[in-house]
Amino acid sequence: MKKAIIKLDNVWKTYTMGNVKVHALRGLSLTIKDGEFVCIYGPSGSGKSTAMNMVGCLDIPSQGDIFLKGKNIAHLSESDLAQIRGKTIGFIFQQFNLINTLSALENVMLPMVFQGYSEQARRARAIKLLDMVDLAKRMDHKPTELSGGQQQRVAIARSLSNNPEVILADEPTGNLDSKTGNKIMDFLRTMNKKEKKTIIMVSHDQSLAKYADRIEYLRDGSIIETKNNGKR
Amino acid sequence: MAVRNLGGRKLRSWLTMLGIFIGIAAVVSLVGMGEGLRIAITSQFGFVGSDVLTVTAEGLATAGPPGTGAPNPLSDNLAAKIEKIPGVEAAINRYLKSGTLEFNNKQGLGFAMSVPEGDNRKIMMKMLNLEAEQGRLLKDGDGRKVLLGNSYLDKSQFGKPISSGDYVYLNSIKYQVIGIMKKKGSFLFDQAVLVNTKQLLADFGDDGTTNIIAVKVIDESRIDKVKEDVEKLLRKERDVKVGEEDFSVSSPEQTLEQMNSVLGAVQWFIVILASISLVVGGIGIMNTMYTSVLERTKEIGILKSIGARNRVIFLLFFLESGFLGLVGGIIGVILGITLAYGLAYLGRTLLGADLIQASVSMGLIFGSLSFSFVIGTLAGLLPAYQASRKHPVDALRFIK
Ligand SMILES: Nc1ncnc2c1ncn2[C@@H]1O[C@H](COP(=O)(O)OP(=O)(O)OP(=O)(O)O)[C@@H](O)[C@H]1O
Ligand SMILES: [Mg+2]
């Protein structure tokens, strides 16, 4: 069987607000294997986004360990995290989170800037990626000139630009109608199958969960149930 | 990208830069004018050499060339007495007569200045450093011949330029123009009408007084001693006590130094004022940058999420801020140069003299530009640091 690419081991995340302690994650343990498409499913406030941030090296846990490709990232510095994040993780957000002052092409090129690729290499790869999400014709448009679905496709292209092993999608279709949402999901599915990307998706929409190989049910900061989608 | 972000927030950027460009404009124009004034004053005296003393009668404040209109003029036999003082090579009477100058049927004002004859002519020529652009300089035996200043080549004075060989009327007496001098950059000389002493006294009348006595000393290192002796002699001759002198003995070089130091002080004062406005501008930039960091918190989060290190975020805002300063500086320099030359032009047309000349050096321009960039970066230091320290998760959650 394939090796684990991500492993969360008894992860706690506690937010202190004044003298109230909010436990967003309570001993979350989760293993994700290379090439898997996993959906983390749970109600609002269950800690899905918090878990994603941990996996995505955006934040470090209050307690517990997180292994990314066998490396414990729970205690790394911000700068090291940024580097790992840029190389191994691609983010897709609910709000698309594109930079509005840059064109679609420049948005896709941007992550490669931080990894020190040449301008030519960046441009060539960005054009290829935009072509893959059927947006080659729109590459000079600003995000504000694109529809929600198109923006999310730009975001998908951007998430792939540094050829990361893992793609994290936090409610990628949350701001889209169901038809557009399905199209985005098809893209993610293709990324998973053709490009062999590990995809972790967060959702509270049962209908999207069916795209995944495996569904992890999260409630109050820990996994309560795991369901395999059999063959798909 | 830093540049692009500026473009997006035009109005505020411009407002922010206002402080910077007012400051820089003030520095450039005033320092430029100051340098110009310095050059103008230096050339105004026309005398060169640190071995010259000028004696003039003092009294009521008067308009016009030095030494005219004083209540108790210098009598012209003083020169001979001064010449006897040890260390004096020559003492030359210089007569200045104002009158009318007519050419091309138009009348204007002319200051006729005497040029001494004989050996003194050589000394004087060396002192004044005159050169002819057209024709020749005056020589002994020239009667009703005049040597004119360079400004008469300008047709605005008499409707057409005067050239050597033309005839002009000085107080209705016909003179031939023997030559036109090269430009000196000094009102006194560029407007001058030079006539040999004998002819000047013959045509304008000799009342036994002179306007300036130019004293050439033999050894310039002993000029102070000679100055004292001349003063002593004049006090005796004119029967005045120490401290009540109605004359002045000065060396142009010394006066120049004094004026330059005053000018320098004025320039420093201006520079300090401008610096204050630059500091205010810097604070403005800092404020804008703080707002900008806050506004773009989400963007910072995005950048971090796609792998930007803190260093990159810092640099982004730091350079943006420096750039803000630089653009302000560029506008300021352009404004300042325009202002300096505009004022100089105004001065020329209103006063009709080259007294004020703008002179903006490359060093001043580059100095101002790098200075404004540095101010921008300094102002951006803290906001940029703050931006770089933002936590990616919090930044991403930020909603405008
Ligand atoms: N920065 C924070 N400071 C304080 N509490 C936080 C912070 N982030 C999250 N929380 C709390 O942690 C809990 C889990 O939040 P999280 O955003 O992970 O939920 P979620 O499952 O993603 O919910 P949703 O489906 O609404 O996005 C919530 O109770 C939330 O209030
Ligand atoms: Mg969430």
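Good morning. A word first on conventions. The model is predicted, so that local features need pLDDT of at least 70 and side-chain atom pairs count only at pLDDT 80 or more, while totals for chains, interfaces and linings use all residues. Residues are numbered from 1 along each chain as its sequence is written, chains are lettered from A and ligands numbered from 1 in the order in which they are written, and side-chain values use heavy atoms, with hydrogens and water left out.

Let me begin with the interface. Chain B contributes 21 residues to the contact and chain A contributes 23 residues, where contact means heavy atoms within 4.5 Å. The size of an interface is often given as the accessible area lost when the parts come together. Here the buried area is about 2,000 Å², and carbon and sulfur atoms give 60% of that area; buried area is the accessible area, taken with a 1.4 Å probe, that two parts lose on being put together, summed over both.

Which residues form a salt bridge between the chains? They are E78(A) and K304(B), whose closest N and O atoms are 3.3 Å apart. The count of salt bridges between chain B and chain A is one, the rule being a side-chain nitrogen of Lys or Arg within 4 Å of a carboxyl oxygen of Asp or Glu.

On the side of chain B that touches chain A, the elements giving two or more residues are α1 (2–8), α9 (297–305), α10 (310–351) and α12 (392–397) of chain B. Helices (H or I, at least four residues) and strands (E, at least two) are DSSP runs, numbered from the N terminus. The most comes from α9(B), with six residues. By class, this side of chain B has nine nonpolar, five polar and seven charged residues. Ala, Val, Leu, Ile, Met, Phe, Trp, Tyr, Cys and Pro count as nonpolar, Asp, Glu, Lys and Arg as charged, and the others, Gly among them, as polar.

I turn now to chain A. An open sheet there has four strands in the order β2-β1-β4-β5, with antiparallel pairing; two strands pair if DSSP finds at least two bridges between them. Because β2 (20–33) and β5 (71–72) of chain A stand at the edges, each with a single partner strand, one side of each has no neighbour in the sheet. Strand β1 (residues 4–17) of chain A is joined to β2(A) by ten bridges, and I6(A) stands opposite I32(A). In the hairpin of these strands, two residues lie between β1(A) and β2(A), and G18(A) takes a positive phi near 65 degrees.

R214(A) pairs with E36(A), the closest N and O atoms being 2.8 Å apart.

Chain B has its own open sheet of four strands, ordered β3-β12-β1-β13 and paired antiparallel. Neighbouring strands of this sheet are turned by 15 degrees against each other on average, direction ignored. Axes are lines fitted to C-alpha atoms, for helices over the stretch in contact, and angles run from 0 to 180 degrees between N-to-C directions. Strand β1 (residues 52–57) of chain B and β13(B) are joined by four bridges, with V55(B) partnered by V249(B).

Which strands does helix α4 (residues 119–128) of chain B touch as it packs on the sheet? They are β1, β3 and β12 (212–217) of chain B, and the direction of α4(B) makes about 85 degrees with that of β3(B). Helix α7 (residues 223–238) of chain B also packs on the sheet, touching β1, β3, β12 and β13 of chain B.

Finally, β4(B) and β5(B) form a hairpin with two residues between them, where N104(B) in the turn has a positive phi of about 55 degrees. Thank you.
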